[in-house]
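Have the sequence and the 3D view open as you read.

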Amino acid sequence: MQAEAKGRIKPLTKRKAWKALQAHYKTVREIHLRTLFADDPARGERLAVEAAGIFLDYSKNRVTDETIKLLVQLAEESGLRSRIDAMFRGEKINVTESRAVLHVALRAPKGSSIVVDGEDVVPEVHAVLDRMAGFAERIRSGDWKGHTGQRICNVINIGIGGSDLGPVMAYEALKHYSDRALTFRFVSNVDGTDFAEAVRDLDPAETLFIVSSKTFTTLETMTNAQSARAWSLAGLGGDEKSIARHFAAVSTNAAEVARFGIDTANMFGFWDWVGGRYSMDSAIGLSTMVAIGEENFRAMLDGFHQMDEHFRTAPFERSLPVLMGLVGVWYSDFFGAETVAVLPYEQYLTRFPAYLQQLTMESNGKHVTLDGAEVTYPTGPIYCGEPGTNGQHSFYQLIHQGTRLVPCDFIAFIEPLNPLGHHHDILMANVFAQTEALAFGKTPEQVKAEGTPERLVPHRVFEGNRPSNTILADRLTPEVLGKLVALYEHSVFTQGVIWQINSFDQWGVELGKVLAQRIIPELESAAEPELSHDSSTNRLIRRYRKLKE
């Protein structure tokens with residue numbers, strides 16, 4: 001794969017399909033969606049695809065059949081098929097860290113085989129899953145007792161990044177299926193308030209902490225873990241033996257886990273070929289399994305796998321992740337769109353946009369190609385979002401009438417999990433109305449026909465021509481959640497291949513963390529430190545030291 005990155009595939013802007021798309025863009029950029037639908041009445045029927053129980057309507061995008069044809073050609077010229085095959089084979093496509101990228105192995109069924117460095121990793125994955133299932137059942141059944149013999153009623157996951165965003169998103173998304181006898185909380189921020197509020201009303205004798213850190217040295221996670229340890233000990237009489245009954249670890253550093261006081265029998269590992277933002281279906285999902293049980297967790301894994309197989313086998317023009325990824329490239333690199341809004345019309349998906357922020361922006365927020373050359377085109381749009389209908393009363397104003405083009409993904413479900421009168425019909429009416437309003441808008445003539453005073457007409461015009469995808473599924477289940485997450489994972493991968501970047505490293509998070517380690521002792525030293533930062537940072541440090549005294 002490194003050889004491929006270094007030259008067998010042409011630079012993006014030199015590809016035939018890219019140049020054709022540049023010319024094509026000039027012919028379609030001014031065409032309104034009103035015209036596209038008027039000229040092609042069957043457009044809404046044709047520009048839609050369904051796979052693995054997920055329905056994608058992409059007809060309200062500013063694309064034609066020719067656009068899709070050229071985008072698919074771009075994917076082919078970019079070597080997307082060979083890159084997909086290489087990922088599923090376990091090749092080290094994360095070239096900057098020389099690692100395989102195998103989140104797909106986390107949900108591979110028993111009996112399948114994926115080989116990394118000569119070793120089939122699927123049996124290892126299932127061995128960890130089986131151990132997780134046993135642990136989760138002991139908590140859920142009450143067989144696991146705390147140090148004083150009381151049942152565990154509270155589970156707190158301590159992590160950061162993918163070790164937090166995945167578990168908290170999955171818990172909120174699948175709360176309908178969770179054991180309500182258990183309380184779940186999530187601590188990630190090194191701000192002490194996060195920990196203090198999480199434990200404020202809890203009894204240490206009934207509380208279990210799951211500390212998720214691959215190395216067991218992550219600054220934020222271990223700071224919070226040490227605070228949790230102190231809090232737990234203070235409430236349990238200071239007996240160090242109690243730690244083993246009130247802590248479990250998701251880590252690969254057995255020595256540090258044991259030094260902390262955690263029984264390594266309750267340590268669950270994962271592998272270098274699992275990136276943090278792709279790890280919610282690994283042992284990082286231990287809190288999820290405790291919440292929803294083994295059967296539901298495995299159903300989620302099956303949903304992931306179904307979308308994996310669709311991505312691996314479907315022709316590009318019928319592949320949901322590929323189409324979503326390519327349309328995203330179309331807006332980012334040709335229309336200059338800088339933002340994508342993800343709008344789930346399902347309250348349980350309240351943390352889904354935040355989860356996607358890491359998945360998308362940490363993956364594709366890159367400025368150099370695989371071989372280290374500076375990119376000359378936009379990569380990695382900004383992702384934002386809120387559950388509908390809340391967003392309609394805040395930022396939708398900008399999407400409808402602002403000066404920026406913001407492509408939108410609407411996510412909705414045919415059946416509600418909590419039927420309540422005609423709530424769901426109202427919710428779904430808003431989904432369909434918003435996509436219609438964004439696409440078609442309201443002309444000055446339509447506004448005038450409503451009797452609007454002339455001076456107000458410009459203010460009440462909706463330009464329309466604002467693109468959107470609509471993603472529909474029958475019901476938010478664990479299986480469907482797995483499909484949705486995998487859909488976006490593979491869409492991100494598709495875009496990374498097109499842009500010739502490494503979607504699986506994250507060097508950009510390192511520099512600030514390294515500098516923080518240097519500054520911490522400067523803030524805490526008793527003697528006045530010698531500072532050698534820039535004048536702004538030096539002054540800020542001195543001001544903080546002076547005022548905190």
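Which side chain meets that of Arg298 in a salt bridge? The partner is Asp130, with N and O 2.8 Å apart. Keep in mind as you look around that this is a predicted model. Arg298 sits in helix H13 and Asp130 in helix H7, so this pair ties together parts that lie 168 residues apart in sequence. Arg298 counts as partly exposed, at 23% relative accessibility, and Asp130 also counts as partly exposed, at 38%.

Asp130 has another salt bridge, this one with Lys110. Lys110 belongs to the loop between H6 and E3, 20 residues away from Asp130 in helix H7 (residues 122-141). Lys110 is exposed, with a relative accessible area of 57%.

Arg107 and Asp308 join their side chains in a salt bridge. Arg107 is in the loop between helix H6 (80-89) and strand E3 (115-116), while Asp308 is in helix H13 (residues 286-313), 201 residues apart. Arg107 counts as buried because its relative accessibility is 3%, under the 20% cut-off. Asp308, at 1%, counts as buried too. Both belong to a network of salt bridges that also links Asp281 and Glu489. The count for the whole model comes to 26 salt bridges.

| Salt bridge | N to O distance |
|---|---|
| Arg107 and Asp308 | 2.7 Å |
| Lys110 and Asp130 | 3.8 Å |
| Arg298 and Asp130 | 2.8 Å |

What about a charged residue without such a partner? Asp333, found in helix H14 (residues 320-335), is buried yet has no salt bridge. The nearest side chain of opposite charge is Arg15, 9.0 Å away. The Asp333 side chain does make a polar contact with the side chain of Trp499, at 2.8 Å. Leaving out residues up to four places away in sequence, Asp333 touches Leu12, Trp18, Tyr377, Pro378 and Trp499.

On to the nonpolar side of things. In soluble globular proteins, nonpolar side chains tend to be buried together. Here the largest nonpolar core has 128 residues, and Trp273, Trp330, Phe352 and Leu481 touch the most other members. Helix H20 (residues 478-499) gives the most to this core, with twelve residues. A second, separate core has 22 residues, including Ile156, Val187, Ala249 and Ile262.

Zoom in on Trp273 to finish. Beyond its neighbours within four places in sequence, Trp273 is in contact with several residues, among them Ala100, Leu102, His103, Val116 and Val125.

Methods:
Residues numbered from 1 in each chain as written. Predicted model: local features only at pLDDT ≥ 70, side-chain atom pairs only at ≥ 80, totals over all residues. Heavy atoms only, no water. Core = buried A, V, L, I, M, F, W, Y, C linked by side-chain atoms within 4.5 Å. Buried < 20%, exposed > 50% of the residue type's maximum accessible area, 1.4 Å probe, protein only. Helix = DSSP H or I, 4+ residues; strand = E, 2+ residues; numbered from the N terminus. Contact = heavy atoms within 4.5 Å. Lys, Arg positive; Asp, Glu negative; His and termini not counted. Salt bridge = Lys/Arg side-chain N within 4 Å of Asp/Glu carboxyl O. Polar contact = N/O pair within 3.5 Å; in protein donor to acceptor, adjacent residues only side chain to side chain.
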